[in-house]
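Here's a quick briefing to read alongside the sequence and the 3D view.

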Amino acid sequence: MNYQHKNPISQTEAKQALRQTIKSAMSVLKPPPKLTVAEWADQERRLSSEASAEPGRWYTSRANYQKGIMDAISDPLIRDCVVMAGAQVGKTEMLLNVIGFHVGQDPAPMLVVQPTLEMAQSFSKDRLAPMLRDTPNLKGKVKDPRARDANNTTTHKVFPGGHVSLVGSNSPSGLASRPIRIVLCDEVDRYPASAGSEGDPVQLARKRSATFWNRKIVMVSTPTNKGASRIENAFEESDKRFYYVPCPDCHHEQKLKWSNVQWEKDKPETACYVCEECGSAWDDPKRYRAVRLGKWKATDEFKGVAGFHISGIYSSWTPLADAVRDFLSAKKMPETLRVWTNVYLAETWEDQGERVDDYAVAERAEPFGDKLDSNIMLLTCGVDVQDDRLELEVVGWGKDEESWSVDYRTLYGDPSTPHLWNDLENILKNIYETEDGRQMQIRSACIDSGGHYTQAVYNFVRPREGRRIFAIKGMGGESRPIVSRPTRNNIGKIRLFTLGVDSIKELVFSRLKISEVGAGYCHFPDDRSDEYFKQLASSEKIVTKFHKGFPRREFVKTRTRNEALDCRVYAIGALSILNLNLNVISDRMQNEKVKTTEEPTKRPVRPNRFRGNSFVNGWR
Ligand SMILES: [Zn+2]
């Protein structure tokens with residue numbers, strides 16, 4: 001039997017039919033797209049003028065480390081991608097390329113999670129919409145936003161074969177609706193620990209993709225604090241890829257490190273990168289060229305998660321001189337240095353030395369004489385109220401807030417009876433004499449009213465506000481002011497001050513660490529008990545939990561008794577309420593001393609000399 005010879009026409013038909021069958025079979029199977037994300041971006045992507053300093057074609061080679069990251073996202077063998085990145089390395093553009101790739105080339109349902117709904121909306125309006133408008137390959141795929149169609153809203157955009165939804169990480173409903181194949185979680189370190197009461201936002205988003213064999217979960221962020229950083233924790237679980245750059249001179253491949261960025265003192269414009277192998281200095285163009293030739297190297301075993309770390313040092317958009325300038329201004333304060341470390345170096349920040357060594361402080365204690373040190377200019381007092389006693393510290397203050405713990409006492413008794421308060425009154429009225437013959441009283445006192453005896457405290461302070469004896473309540477939390485404006489909105493109608501106790505504790509701890517007599521130094525008498533110093537160092541600053549997406553660093557008690565620390569905190573509050581410039585007073589005192597020595601009869605030393613109009617400086 002030979003059909004071929006019998007019927008040659010039907011052979012052609014058969015061939016055509018076969019071709020048709022294959023074609024339709026292929027279209028049903030939908031083969032994986034030919035291009036990777038990076039290839040798609042190079043071929044199709046256009047940068048919009050409102051979102052880019054260099055509008056027009058996209059070139060991955062401009063910042064070549066982006067290629068490895070984007071290719072991993074389109075690699076079918078990789079399910080999870082973790083990108084721990086600094087600012088200025090183009091991470092938002094990379095995410096946009098992923099979205100563009102899946103709109104234009106490999107349609108899929110996508111979810112973009114931003115920390116908040118507002119951030120999701122602005123990402124949609126300011127970044128996504130311009131890309132959809134200006135990239136020819138995407139044009140028309142999503143309906144014109146002016147059509148007021150439900151298929152193109154700010155947070156939901158439909159295109160042939162898929163859609164992209166944009167949600168805030170704090171919205172459980174947004175995170176738990178349709179099935180999703182591509183989940184893009186941006187700035188994950190700003191997510192709350194739980195979306196409402198529904199649990200971890202990243203886990204919620206991840207669950208949405210469970211039905212897709214070819215799902216992809218991408219997490220991108222600059223990191224925050226050590227131990228509280230989602231992106232770092234995820235990176236630690238990954239194969240930890242770093243970008244190695246060959247030296248243009250010796251070809252040694254190296255990770256770029258901040259320690260190899262060098263500049264002449266006070267001349268950020270001289271900044272250059274120094275090869276760790278041969279010591280050759282790279283200026284910016286040389287560094288850009290080197291980065292173009294770099295490659296990613298995994299430093300751990302691949303267990304399904306590809307992790308990328310990239311700092312601002314690799315950025316093709318930030319001159320090193322700018323980075324050095326930012327660093328020099330950030331390093332003045334731990335808070336700004338922390339932000340710079342997170343955002344530029346893409347490294348977590350570890351709180352250092354938030355504990356004080358009580359032995360070291362006790363070791364420095366010194367003999368105090370019967371009279372006050374002549375450097376003391378004024379006295380304040382902090383009072384802690386307990387169920388069976390009052391504890392108080394009298395602190396002497398000198399120039400640059402050098403301090404002397406003049407007295408520490410425990411007054412036993414029942415705070416609901418007058419006897420105990422009479423004892424306190426006697427101390428507050430005490431007259432102290434200094435070594436150079438001045439006399440002084442306590443200028444200001446703060447009494448904690450936050451405990452069980454609020455009313456008793458109010459009753460005590462009410463007739464004494466004129467003597468600057470105040471009720472306070474402590475409030476924890478980062479970056480709270482030391483003293484807030486007082487309110488009278490309380491049952492006693494008294495002037496109630498709120499003290500930012502964590503801010504003050506931070507101050508106390510930084511002062512206790514000063515070991516050189518002078519500015520900020522704390523003097524203690526050598527007859528103080530060990531228990532006192534243990535109480536003084538009784539807190540530790542640690543990350544306790546996430547709060548509204550930010551890790552919360554709080555002081556936590558390391559001992560049950562910490563009255564000594566509380567008393568010092570309140571005494572500092574009392575000084576702060578006075579709102580005085582100690583150095584101005586010190587200068588005035590020096591001048592007066594000179595005058596007194598020269599013309600001893602003219603100006604006798606007046607007791608309580610600083611009681612005067614300085615109080616009216618205003619509340620803080
Ligand atoms: Zn070299």
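What follows starts with the whole chain and then goes through its parts one topic at a time.

This is a predicted model, where local features need pLDDT of at least 70 and side-chain atom pairs count only at pLDDT 80 or more, while totals for chains, interfaces and linings use all residues. Residues are numbered from 1 along each chain as its sequence is written, and side-chain values use heavy atoms, with hydrogens and water left out.

**The chain as a whole**

- The chain has 19 helices and 27 strands; helices (H or I, at least four residues) and strands (E, at least two) are DSSP runs, numbered from the N terminus.
- Of the 620 residues in the chain, 49% are buried; buried means under 20% relative accessible area, exposed over 50%, and partly exposed in between, using a 1.4 Å probe and protein chains only.
- Take the contacts between residues at least 6 apart in sequence: 69% of them join residues at least 24 apart, with contact meaning heavy atoms within 4.5 Å.

**The zinc site**

- The zinc ion has C247, C250, C275 and C278 as its protein donors, each through SG, at 2.3 to 2.4 Å. Donors are N, O and S atoms within 2.8 Å of the metal (3.2 Å for Na, K and Ca), and water is not among the atoms, so sites may look incomplete.
- The arrangement is tetrahedral because the four donor atoms subtend angles of 106 to 112 degrees around the zinc ion; four donors count as tetrahedral if all angles lie between 85 and 135 degrees.
- Along the sequence, the donor residues follow the spacing C-x2-C-x24-C-x2-C.
- C250 is partly exposed, at 28% relative accessible area, whereas C275 is buried, at 3%.

- Two strands pair if DSSP finds at least two bridges between them.
- With β15 (residues 305-310), β9 pairs in the parallel sense over two bridges; R241 has F308 as its bridge partner.
- β9 also pairs with β10, in the antiparallel sense over three bridges, with Y244 opposite K255. These two strands form a hairpin with six residues between them, and H251 in the turn has a positive phi of about 65 degrees.

**The eight-stranded sheet**

- Eight strands make an open sheet with mixed pairing, in the order β23-β24-β22-β21-β16-β17-β18-β25. Its edge strands, β23 (483-487) and β25 (522-523), each pair on one side only.
- Within this sheet, β17 (residues 389-397) and β18 (residues 403-412) run antiparallel and are joined by nine bridges; L390 has L411 of β18 as its bridge partner.
- Helix α15 (residues 454-461) lies across β16, β21, β22 and β24, at about 145 degrees to β22. Axes are lines fitted to C-alpha atoms, for helices over the stretch in contact, and angles run from 0 to 180 degrees between N-to-C directions.
- Helix α18 (residues 563-578) lies across β16, β17, β18, β21, β22, β23, β24 and β25, at about 135 degrees to β16.
- R568 lies in α18 and is buried, at 3% relative accessibility. Among the residues that R568 touches, not counting those up to four places away in sequence, are E393, S405 and C522.

- Helix α5 (residues 91-104) has 14 residues and reaches 20 Å from first C-alpha to last, close to the 20 Å expected at 1.5 Å a residue; the expected span is 1.5 Å times one less than the number of residues.
- Twelve of the 14 residues of α5 are buried, including M94, I99 and F101.
- A321 lies in helix α11 (residues 320-330) and is buried, with a relative accessible area of 13%. Leaving aside neighbours within four places in sequence, A321 is in contact with P268, E269 and A271.

Technical notes:
Tetrahedral: all angles 85-135°; square planar, octahedral: opposite > 155°, others 65-115°.
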